[in-house]
Amino acid sequence: MRLARFVLAPLLAAGMVLAAGAASASPPAPPAQAPPPVRLIVDSDFGQWWDDMAALALVHAAADTGRVRILAIMSDVDNPWNAAGLDAVNTWYGRPDIPIGVPAGATSVEENYSRLLAQRYPHAGHPSDAVGLYRRLLRAQPDHSVTIVSIGALTNLAQLARTDAALVARKVARTVIMGGAYPRATEPEWNFGLDLAATRQVVADWPTRTVYDGFEIGARVFVGNRVCATHPAGSPVRAVFDLLYGCGNAQTDGTWDPTAMYYAIYGRDHVYALAGAGGHNTVTPDGLNAWVPGGHHQRYLVLTDAARLTHAIDTLVDTPPGATNRPTTPG
Ligand SMILES: [Ca+2]
């Protein structure tokens, strides 16, 4: 099943990588004021791949440092164990009250670990319809304040835009979407293919500034190989990596979702550049995306420092709740 994730070859051309631009000779900057927490909604095809689990571990660890406030987590695939599995992870991280959204009319998928989480770990939440939850949450937030990170199918976002695009335009500051390949895909990418009609609609019509995180980025990042050493025996993060990788160091498949999550919370942070100004994304009926000229509110990420990003993500994923010596910044 995992092989389906790898149908797309990495496309990053050597000349595409933009220099991050070190400024070692600059005088020390005054102490920066802590930025306000990112108001984040997570939309995930949780339950299949390890990287959704790693992305959730990342966002919870970042929330523990005050960098992000998790408004909700939405499942965007039809998996009956997902809501309870997501709630179990949130509960273990001390956030049992995070609302969980479940989709309508979503793609049915097999599950690899959400049933295990639902059956082994406490959870008490009551999931609700994802689009309704989006609308309630967005209405309650300040204008242009919310970040949405999509790390799965675009089913919920397509339905939300069809239902109330004006609300999205007013409340959402930016959307980060893991999907496709940049600047051009040669084979369909997993997330974009989960619900291709929804993908094509969101890519064509989504009403906010959008940053795409392509397959080629996560193909260079491998995380999670220390969670069985850093997390306690009762950790659901450890349980998932143990189930999928035998608690070794065999996660050499790639890491997609946490790379989008990291950008959604920390921005470029000396690991990314933004490319694609003056262009926008398109997706053909057979699921191939390409960047074409025109437009002003879309960009795609270019990875400028894979080692630094890997370390930063691992630092967060490896930090269980209540850890001492918690890093204030992951880099
Ligand atoms: Ca995912």
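Predicted model: local features only at pLDDT ≥ 70, side-chain atom pairs only at ≥ 80, totals over all residues.
Helices (H or I, at least four residues) and strands (E, at least two) are DSSP runs, numbered from the N terminus.

**Exercise 1. Decide whether Asp45 and Gly234 are buried or exposed.**

Step 1: Recall the rule. A residue is buried if 20 or more other C-beta atoms (placed from the backbone) lie within 10 Å of its own, exposed if 12 or fewer, and partly exposed in between.

Step 2: Take Asp45, in the loop between β1 and α1. With 27 other C-beta atoms within 10 Å, Asp45 is buried.

Step 3: Now turn to Gly234, in the loop between α9 (227-230) and α10 (236-245). Gly234 has 11 C-beta neighbours inside 10 Å, so Gly234 counts as exposed.

**Exercise 2. Find what Asp45 touches beyond residues up to four places away in sequence.**

Step 1: Contact means that two C-beta atoms, placed from the backbone, lie within 7 Å.

Step 2: Leaving out residues up to four places away, the partners of Asp45 include Asp52, Asp76, Val109 and Leu194.

Step 3: Look at Asp78 too: its C-alpha atom is 8.7 Å from that of Asp45, although 33 residues separate them along the chain.

**Exercise 3. Work out how β2 (68-75) is joined to β1 (38-44) and β3 (100-102).**

Step 1: Strands pair if DSSP finds at least two bridges between them.

Step 2: β1 and β2 run parallel and are joined by 7 bridges. Across this pair, Arg39 stands opposite Arg69. The chain passes from β1 through helix α1 (residues 50-64) to β2 in a right-handed β-α-β crossover; right-handed means that, with the strands pointing away from you, the path from the first strand over the helix to the second runs clockwise.

Step 3: β2 also pairs with β3, parallel, over 2 bridges, and Met74 has Gly101 as its bridge partner.

Step 4: Check the surroundings. Because 7 of the 8 residues of β2 are buried, β2 is largely enclosed by the rest of the structure.

**Exercise 4. Explain how the buried residues of α4 are arranged.**

Step 1: In α4 (residues 130-139), the buried residues are Ala130, Val131, Leu133, Tyr134 and Leu138.

Step 2: Seen down the axis, they fall within an arc of 160° (taken from the directions from the helix axis to the C-beta atoms), so they line one face of the helix.

Step 3: Among the elements they pack against are β2, β3 and α5 (155-171).

Note on methods: Residues numbered from 1 in each chain as written.
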